Amino acid sequence: MSPVLAGVLQLLALIAALALAYRPLGDYMAKVYSSDKHLRVEKWIYKGIGANPNTEMRWPAYLRGVLAFSAAGVLFLYLLQRLQGSLPGSLGFKAIDPDQAFNTATSFVANTNWQSYYGEQAMGHVVQTGGLAVQNFVSAAVGIAVAVALVRGFARSRTGELGNFWADLVRGVVRILIPISVIGAIVLVACGAIQNFSGIHEVGQFMGGEQQWNGGAVASQEVIKELGTNGGGYFNANSAHPFENPNPISNLFEIFLILVIPFALTRTFGKMVGSIKQGYAILATMATIWLGFIALMMWTEFHHGGPAFDLAGGAMEGKETRFGIGGSAIFSVSTTLTSTGAVNSFHSSNTGFGGGLDLLGMQLGEIAPGGTGSGLYGMLIMAIIAVFIAGLMVGRTPEYLGKKIGTREIKFAACYILVTPALVLGFTGASMALSTPKDSMLNSGAHGFSEILYAFTSGANNNGSAFAGLSADTQWFNTTIGLAMLLGRFLPMVFVLALAGSLAEQKPIPKTAGTLRTEKPLFTGLLVGTIMIITGLTYFPALALGPLAEGLAS
Amino acid sequence: MNNSVGNTARLLGAGLRALLVLTVICGVIYPLAVTGVAQALFNNKANGSEVKDGGKVVGSELIGQRYDLPLKKGQETPDPDLKWFQPRPSNGLAVNSENTRYKLIISGATNLAGDSGTMKKGDKEVCDPKAEEGLCAQVRAARDAVIKDNSTADFKVRAADIPAEAVTSSGSGLDPHISPDYADLQVHRVAEKNGLDAEQVEKLVDDHTDGRVLGFMGEPRVNVLKLNIALKHLVAEKG
């Protein structure tokens, strides 16, 4: 069997698994966020928080909950790292420097998991398992909560109420993320991922001498790293490390975990707005882009353009033998089209066009299928822009799901899509204009520029993957990427929740013959086009300087 | 004003309490429960899939190792011990600033681009034959070494026969596998150095080749550590 055929078969198996999970998981999540009942353990948690889960919140209150919880997360994680030297279970690692601790704290709270540290060299058990992995759960649950609040904005009328943030947060963790993670972690251990609390220990070698490993709760962190589209590896090599991703089965399973919630949320959406077909239209848009990117990535990586790859006879640099090119290409696209950023191959050593696809995938706003929750709300914002454009073409007031898209709504949507490009291009421009940041580049020329563009694209879009040649542990990058992650996560949430509040207050408008049928393939086509055009117009000049220049030269 | 400060403090307090409660669940109970189950059901795997030979641990099935000669005086990197099957290059393993290199394994890739170490030829970028740094230079050096090391009196390695993974570094730098093609390429040399028949060694490689899982997942591969252990036993039987 040729590697290309094997790659295609792996893709088909993945699609089949996702299709099987789509309905049950999507329906289940809709039930979770619509139910009036509280589990006993949830009641204990609410008591601990001191919050009444039955109070309905308007959008400012919901947003305050999101921000307060996230601020507490940043503060806690920052202190945990700063105090690492005096905490037990730290494996002898010292306190993290202030700028790096700030960067890492914002990174994990913002669901980004950009890492400017070497996991196995910097973080002990307490910070990894009690700090970083916890944010992997809760930042994902925050993302889903905000998406659900937006969906309620469409589903509800003549009220400003969007649900209760604490209830949505706790349910996401207790009823969705924890159960899947427990099962997933055991599956990963069965494949060979490690799960222990042994410290740094020496292991004998074949030729004599010793290797030094650190143990850790790797499988339990690995599973939520993928499931919550977080991406922060326990080890520096992330999911390329054999202890995180031991064999081809764990590889496909991890890709499945990355994609399963973001795709299934479209079903949850359809269910909650009372039209499954509307969910299918969003799903079709996501799936079209995702498949298109995988096809292109497989083509360029198997075709291996690039002088060094021609010399080697294949683009295997930075890739593991057990995954091969197919398994690496699927992972690479899935991680950058969601907000995951975990890697099983190193994107900096992709072909020029391959690296460009990784960049472009993030620049689409990570909506195909996107992060847990953030993918859905990002895509719904794009849908609003698309109906607005369609409305302009025919001269009708645009509407979506029975809600009018007026000046107020379109302003929020426009602000949303402006945030990340402003951060990415602003900070990249500043880094190139200043003299010292450029010293961090490993490669020179077009690829060096791509390293910096990639870093801010990844940060502001909350992805977290890297063209890891860039030495990002400098005060400049720790601080600016930290800010990009923070603003790139929470400013859009402000606009999403404001939009949700505004939608929920409206009264529904009845469907007429002139209503744009947003559940039809025509709309899916329009939406794909809108996404491509907006992203293209925003980023083309920057892409031309980096990956396109590199790809065209070879 | 006082009121809003008080509200903010109350809200932050609620956020902090929520975080602490969820930390107990996600950061204490969950990992401990998973560790308990993992240790009970998959003890060896949960602890790193250690491989034993003659009662002694010789490494992990999952983590690659080097098979080198002892470091000679004045050498920075040791020469490979050609008696044993050789792994992929691992140029990406980071220099460890806290410990000495390789003492605590720091996984990592080279992150070098396909166009590093190139020059212009017309309007195309090509590998610069004189480049000493960059991916082109690394691949060229690895390729030359593979040809030199593996060519024996009656077996000449051609550049076109070398698989890509044999001359490139992996993502983790700890890749435990090589492709069956690269193992086959090493058979003649290994046989000669150990005084074995090439057929015997070839059979050894075939026995240690893992196909794709279920016929389509991943790529065919050979675990270098397991292969070398088997080789050691074969040599011992002969001797």
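**A helix pair and the overall fold**

Author: In this predicted model, Ala281(A), Ala284(A), Thr285(A), Thr288(A) and Ile289(A) of α10(A) are in contact with Phe523(A), Thr524(A), Leu527(A) and Val528(A) of α18(A).

Reader: What's the split by class, nonpolar, polar and charged, in the contact of α10(A) with α18(A)?

Author: The contact has 6 nonpolar and 3 polar residues, and no charged residues.

Reader: And the geometry? At what angle do the axes of the two helices cross?

Author: Roughly 50 degrees, with the axes of α10 (residues 276-303) and α18 (residues 521-553) of chain A coming within 9 Å.

Reader: Left-handed or right-handed crossing?

Author: α10(A) passes α18(A) in a right-handed crossing.

Reader: OK, whole chain now. How many helices and strands are in chain A?

Author: Chain A has 18 helices and 4 strands.

Reader: What does the C-alpha trace span along its principal axes?

Author: About 75 × 55 × 50 Å for chain A.

Reader: What percentage of the residues count as buried?

Author: Of the 554 residues in chain A, 65% do.

Reader: And sequence separation: of the contacts between residues at least 6 apart, what share join residues at least 24 apart?

Author: In chain A that share is 79%.

Definitions and conventions:
Residues numbered from 1 in each chain as written. Chains lettered and ligands numbered in written order. Predicted model: local features only at pLDDT ≥ 70, side-chain atom pairs only at ≥ 80, totals over all residues. Axes fitted to C-alpha atoms, helices over the stretch in contact; angles between N-to-C directions. Left-handed = near helix turned anticlockwise from the far one by under 90°. Contact = placed C-beta atoms within 7 Å. Nonpolar A, V, L, I, M, F, W, Y, C, P; charged D, E, K, R; others polar. Buried ≥ 20, exposed ≤ 12 C-beta atoms within 10 Å, placed from the backbone.
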